[in-house]
Amino acid sequence: MSTPLQSHHSIEKRDTTANQVSPAVSVLEAPIVHEWPREWKAYAALVAGFFMMFNCWGMVNAYGAFLSFYDQHLLTTQSDLQLSLIGATESFLLLFPSIFAGRLLDARRHYYLGFTGFLLLFLGYLLLSFAGGNSMKDQGDYGLVWLTSGLLAGLGMTCFFTYSSHNVIQWFPRKRYIAAGITSTGAGAGGIIYPLTFKFLIANFGFPTGVRILSAVVASTTLIAFIFGMPCKDVNRRPVGSVFRFSTWIDKQAFRNKSYTLYVIAVALVYGGFYSIAFHVTEWAEVKGFGTEEDIPGSTGERPGNSGFRTFWFLAIMNGTSIIGRLASAFFATHLSNPIVVHTATCFLASLLAFFFWPFAQTNAGAIAFCSIFGILGGSMLSLPASGVAYLIPTDRQSHVGQWTGMMWSGVSIFALIGPLIAASLKRKFGMDAVGYWCGATMLLTAVLFAWSMALKRKDDKGSTTGTLVRDGEENGV
C-alpha cells in the first residue's frame with residue numbers, strides 16, 4: 001500500500017512522462033504537407049481555376065477584338081470613349097465585388113459563387129446576341145451591349161476571379177506561386193481563343209448566331225469550372241456572421257500594414273496602364289499601317305477580301321506570349337520566394353517598352369516584337385497579385401487571405417475602370433502615341449511602389465525576427 005508521499009511522487013512521475021511524450025504525439029498527429037498534393041481534387045481544382053481565368057480575364061483580354069468589330073461595323077456612331085467603357089465596365093465589375101467574393105471564400109461558400117458565375121456569364125453572352133440586330137452596319141444597340149457583356153457578364157466574372165487563385169493557393173501551399181501561375185495561363189489562353197473564335201463565328205454565321213454559339217462555349221467551360229472547383233478541406237472555415245457588419249467585409253488591420261497598402265496602389269496602376277494598350281492594340285496596328293481590318297461578310301459590304309496581316313493577330317500575339325510570362329513569373333517567384341521582385345522588374349521593363357517602342361515602331365516586325373515582349377511582361381505582371389498578398393499577409397492573419405485579396409481587387413477596380421477611359425481621352429486629344437506614354441508613366445510609378453512595398457516588408461520581417469529573439473532571450477534568462 002502506497003503512502004501519500006509515494007502517491008505524490010508517482011503522480012509527478014506520470015506527469016513528467018506525459019510531458020515528455022506529448023511533443024512526439026503532436027508531431028505524429030500534425031498533418032503532413034507534401035511538396036505536391038496527393039489528392040486528385042487538388043489537380044481538379046487546378047483545371048477548374050484555369051477555366052475560371054479563361055472566362056474572366058481571358059474574355060476581358062479578348063475585348064480588343066469585340067471593340068474593333070463594334071467600331072468598324074456594329075456601333076460606328078459611338079465614340080471611342082463609349083466603346084472603351086464596355087471593356088472598362090467588365091474590368092471594374094470583375095474586380096470591385098471581389099471584396100464580397102473573397103470573404104465568402106473564407107467562409108467556404110465556393111459552390112454558391114461558382115453557380116452564380118456560370119449562370120451570369122452564360123446569360124450575359126446569350127443576351128448579347130440580341131443586341132446586334134441583323135448584324136448589318138450600325139444596327140447594334142449600345143445600351144444592350146453594355147448591359148449584357150459589360151454589366152451582366154462582368155458580375156459573372158467576379159464570381160470566378162478571386163475563386164480561381166484563392167482555391168489553388170490553398171490546395172498547393174508549398175507550390176502556391178507555380179499553381180497560381182498555371183491557373184493564370186487560362187487568361188492568356190482565353191485571350192487567344194476567344195478573339196479567333198469570335199472572328200470566325202461572326203464571319204461565317206453573322207453576329208446573332210455567332211454570339212449564341214460563343215455563349216455555348218462559355219457555358220460549357222464555366223460548367224467545368226463549377227463542377228471541379230472543389231474547396232480544400234484542410235483550410236479553416238470563417239463563418240460570415242452579420243452581413244451588415246463592417247468588419248465582416250473589411251479587415252481594418254490590412255490597411256495598417258503599409259507594405260500591403262502600397263502594394264494595392266501599385267497593382268491598381270498596373271491594371272490602369274496595361275489594359276489601356278490591350279484595348280487599343282488592334283486600332284494602333286491599323287493606324288500605324290501594320291495590318292488591315294478584315295471585312296465581316298454581310299455587315300458593311302466594304303473592303304471584302306483585303307489581303308495582308310490582320311490587325312486582330314496583334315492582340316492574339318500579345319495574349320499568347322502572356323502565357324510564357326505567367327509561367328516564367330511563377331518559376332522566378334518560387335525560386336526567389338518573393339513575387340514582388342518579379343513585379344518590380346517586369347513593370348520597369350514594361351515602362352521602357354511603352355515609352356520607346358509603342359510610339360516609334362516603324363515596321364511590321366517591330367510591331368510584332370513589341371506585342372510579343374509586352375505580352376510576356378504583361379502576363380508576368382497580371383499573374384502575381386494574389387500571390388503577392390499571400391506573401392505579404394502576416395502569419396497571424398493567414399485565415400484572412402481571401403478577405404485581403406478581395407479587398408485588394410476592389411481597390412484596384414476603380415483604376416481598372418478609369419485607366420482605359422483616361423487613355424481613350426488622351427488618344428482623342430493627342431493621338432495614339434499618348435496611350436503608350438500613359439501606360440509607360442503608370443508602369444514606371446508602379447515599379448517604384450512595388451520596390452517600396454518590398455522594402456517595408458523586409459523591414460517588418462527583420463523587426464519581427466529581432467523581437468522574437470529578444471523575447472526568447474528574456475524567457476531563457478539571457
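In the predicted model, the secondary structure of the chain consists of 17 helices and zero strands. The chain has 478 residues, of which 55% are buried. When contacts between residues at least 6 apart in sequence are considered, 85% of them join residues that lie at least 24 apart.

The largest nonpolar core has 118 residues, and the members that touch the most other members are Trp57, Tyr70, Tyr271 and Trp284. Helix α11, which spans residues 258-287, supplies the largest share of this core, namely 18 residues. The surroundings of tryptophan 57 can be listed in detail: when residues up to four places away in sequence are not counted, tryptophan 57 touches Ser91, Leu94, Leu95, Phe161, Ala187, Tyr271 and Tyr275.

Two packed helices are described by the angle between their axes and the distance between the axes. Helix α6 (residues 98-106) packs with helix α16 (residues 401-430) at an angle of about 170 degrees, and the axes of the two helices are 7 Å apart. Because angles over 145 degrees count as roughly antiparallel, α6 and α16 are described as roughly antiparallel to each other. On the side of α6, the contact is made by Ser98, Ile99, Gly102, Arg103 and Asp106, while α16 contributes Val401, Gly402, Gln403, Gly406, Met407, Trp409 and Ser410. Sorted by class, the residues of this contact between α6 and α16 comprise four nonpolar, six polar and two charged residues.

The residues that make the contact are Pro339, Ile340 and His343 of α13, together with Pro385, Ser387, Gly388, Tyr391 and Leu392 of α15. By class, the contact of α13 with α15 has five nonpolar residues, three polar residues and no charged residues.

Helix α13 also contains phenylalanine 356. Phenylalanine 356 has a relative accessible area of 52%, and it is therefore exposed, since the cut-off for an exposed residue is over 50%. Phenylalanine 356 and tyrosine 437 are separated by 81 residues in sequence, yet their C-alpha atoms are 8.7 Å apart in space.

The loop between α12 (312-336) and α13 (339-356) holds serine 337. Although serine 337 is not a glycine, it has a positive phi of about 55 degrees. The relative accessible area of serine 337 is 47%, so this residue is partly exposed.

The cysteines were examined last. A disulfide is a covalent bond between the sulfur atoms of two cysteines. Under the rule that a pair of cysteine sulfur atoms must lie within 2.5 Å, the count comes to zero disulfides. Cysteine 439, for example, is in no disulfide, and the nearest cysteine sulfur, which belongs to cysteine 347, is 9.4 Å away. With a relative accessible area of 0%, cysteine 439 is buried. Cysteine 371 likewise counts as buried, at 0% relative accessibility.

Note on methods. Residues are numbered from 1 along each chain as its sequence is written. This is a predicted model: local features need pLDDT of at least 70, side-chain atom pairs count only at pLDDT 80 or more; totals for chains, interfaces and linings use all residues. Side-chain values use heavy atoms; hydrogens and water are left out. Buried means under 20% relative accessible area, exposed over 50%, partly exposed in between (1.4 Å probe, protein chains only). Helices (H or I, at least four residues) and strands (E, at least two) are DSSP runs, numbered from the N terminus. Axes are lines fitted to C-alpha atoms, for helices over the stretch in contact, and angles run from 0 to 180 degrees between N-to-C directions. Angles under 35 degrees count as roughly parallel, over 145 as roughly antiparallel, 65 to 115 as roughly perpendicular and the rest as oblique. Contact means heavy atoms within 4.5 Å. Ala, Val, Leu, Ile, Met, Phe, Trp, Tyr, Cys and Pro count as nonpolar, Asp, Glu, Lys and Arg as charged, and the others, Gly among them, as polar. A nonpolar core is a set of buried Ala, Val, Leu, Ile, Met, Phe, Trp, Tyr and Cys residues joined through side-chain atoms within 4.5 Å.
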